[in-house]
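Work through the following exercises with the sequence and the model side by side. Each task is followed by a solution that goes step by step.

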Amino acid sequence: MERLEPLVFSALVSCSFLIASVLFSLINRGQRNPYMDEIFHVPQAQRYCDGRFSEWDPMITTLPGLYLVSTGIIKPVSWLMGWTGTVVCSTGMLRFINLLFSTGNLYLLYLLLCKIHQKNKATSAFQRIVSALALASFPLLYFFSFLYYTDAGSTFFILFAYLMCLYGSHSIAACLGFCAFMFRQSNIVWIIFCAGSVVAQKLTEAWKTDSLKKKDEKTPAAPNSAAEIKKIVQFLLEYVLSLNNLKALIFLTWPYVILVLGFLLFVFLNGGIVVGDRTNHETSLNFPQLFYFFSFTLVFSISHLLSPHKIASFLYSVKKHPLFYTGLVLVSLLLVWKFTYVHKFLLADNRHYTFYVWKNIFQKHELIKYALIPGYIFAAWTFIEALKSKSVFWNLAFFICLVAATVPQKLLEFRYFIVPYLIYRLNIPMPLGFKLLVELAIYSLINVLTIYLFLNKTFQWPDRKEVQRFMW
């Protein structure tokens with residue numbers, strides 16, 4: 001199959017696009033008018049299509065990357081095809097842009113899997129292809145590929161930037177990162193991660209060189225003792241305090257540094273990261289967002305992370321390090337007690353699944369949020385164990401960016417977890433073939449149920465005439 005891999009993958013991409021096109025047609029016929037956030041995005045894109053670039057809806061909080069790309073694709077195609085009238089930049093045509101991004105995401109995920117796991121000769125073409133199909137079918141990303149939201153395009157440019165970063169094309173990666181930033185300002189975190197992964201690679205190489213001098217060839221993995229942590233911290237301090245090392249790192253990451261400096265200038269001039277309406281997008285230190293993300297990851301990676309062996313290993317770890325886990329529980333209790341924030345949208349908007357998660361779990365009793373802490377710790381443990389194959393420096397860069405991407409968010413919104421989840425899933429050891437098939441089957445089933453609920457289980461609010469639909 002290895003020799004036929006490009007042909008097989010190309011055929012599957014075509015089949016995937018055909019299936020997505022059928023689903024797109026069903027969704028577009030079922031919901032012809034803009035829905036939810038589309039009521040802001042679609043009219044703004046249509047203004048750009050009409051050449052009215054100076055007009056801006058103050059309710060929109062992201063930069064105009066989606067509208068610029070949409071206009072840049074649709075207008076030339078319309079001119080070549082001779083399309084005129086309402087079909088140009090219609091809701092359906094604008095949504096179709098995200099279907100193109102979705103197909104691009106499938107291709108990028110495949111290329112990333114090939115690059116990240118290229119040294120693992122045991123990885124087969126079957127595993128790479130099925131893994132790419134599963135990740136492209138990731139329910140949060142897949143569903144919003146059929147609506148005019150920023151998620152598909154935002155993810156496309158982040159994945160593309162990450163791929164170029166892995167290939168060492170850092171100037172191109174930074175340009176793609178700028179495109180991702182134009183789709184969603186918070187994507188700057190994942191551009192910093194690209195730079196961090198470059199720095200982590202250099203640190204790992206320096207660690208190996210230093211270890212060889214000391215006749216210790218051990219690659220830095222997750223530290224298991226205070227002595228190992230002390231050793232790593234001491235190495236980092238020595239490395240960073242060297243002027244030559246700092247110069248080398250800046251020379252290597254300068255495209256990302258320029259982008260980050262531009263971002264800081266934007267924040268200074270704009271008075272914050274959000275453009276437009278800021279009243280519903282307040283930042284906070286919502287530390288439990290990390291717990292929600294770990295739980296979210298455990299649910300969507302259940303075929304990889306949950307097994308009797310994993311549970312037994314976790315219980316053994318707790319038994320072996322009781323003081324550590326006791327301290328972890330106490331810290332978690334403090335974070336949940338003092339830093340749990342509940343956004344008004346989470347309590348008021350019954351169209352989102354998160355409304356029902358919060359209502360049926362967290363609001364059942366005041367103590368539920370504390371009772372879930374052992375589950376959070378298990379989810380975090382499985383997450384960390386899955387990334388043990390990566391160096392401690394890579395993990396440090398990833399976890400810093402994960403905290404920066406999740407903790408400031410006051411609203412529990414599963415869409416914010418898409419990019420960190422994909423980066424995590426791309427970088428864990430390649431799962432076995434049958435586990436990948438289970439993952440793909442679970443994702444496909446969730447997608448079918450989600451689209452079915454969206455199209456068929458509609459309802460109405462007493463004060464609104466419009467039909468309301470369930471969605472992520």
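Cys175 is exposed, with a relative accessible area of 53%, where exposed means over 50%, buried under 20% and partly exposed in between (1.4 Å probe, protein chains only). This is a predicted model, in which local features need pLDDT of at least 70, side-chain atom pairs count only at pLDDT 80 or more, and totals for chains, interfaces and linings use all residues. Residues are numbered from 1 along each chain as its sequence is written, and side-chain values use heavy atoms, with hydrogens and water left out.

**Exercise 1.** Decide whether Cys194 is buried or exposed, and state its nearest cysteine sulfur.

*Solution.* Cys194 is in no disulfide, and the nearest cysteine sulfur, in Cys165, lies 4.5 Å away. Because its relative accessibility is 2%, Cys194 counts as buried.

**Exercise 2.** Find the one disulfide of the structure and describe its handedness.

*Solution.* The bond joins Cys49 to Cys89, with an S to S distance of 1.6 Å. The torsion about this S-S bond is about -55°, and the disulfide is therefore left-handed. Cys49 lies in helix α2 (residues 38–49), whereas Cys89 lies in the loop between α3 (65–81) and α4 (91–116), so the pair ties together parts that are 40 residues apart in sequence; helices here are DSSP runs (H or I, at least four residues), numbered from the N terminus. Both Cys49 and Cys89 are buried.

Terms used. Disulfide = S-S within 2.5 Å. Helix = DSSP H or I, 4+ residues; strand = E, 2+ residues; numbered from the N terminus.
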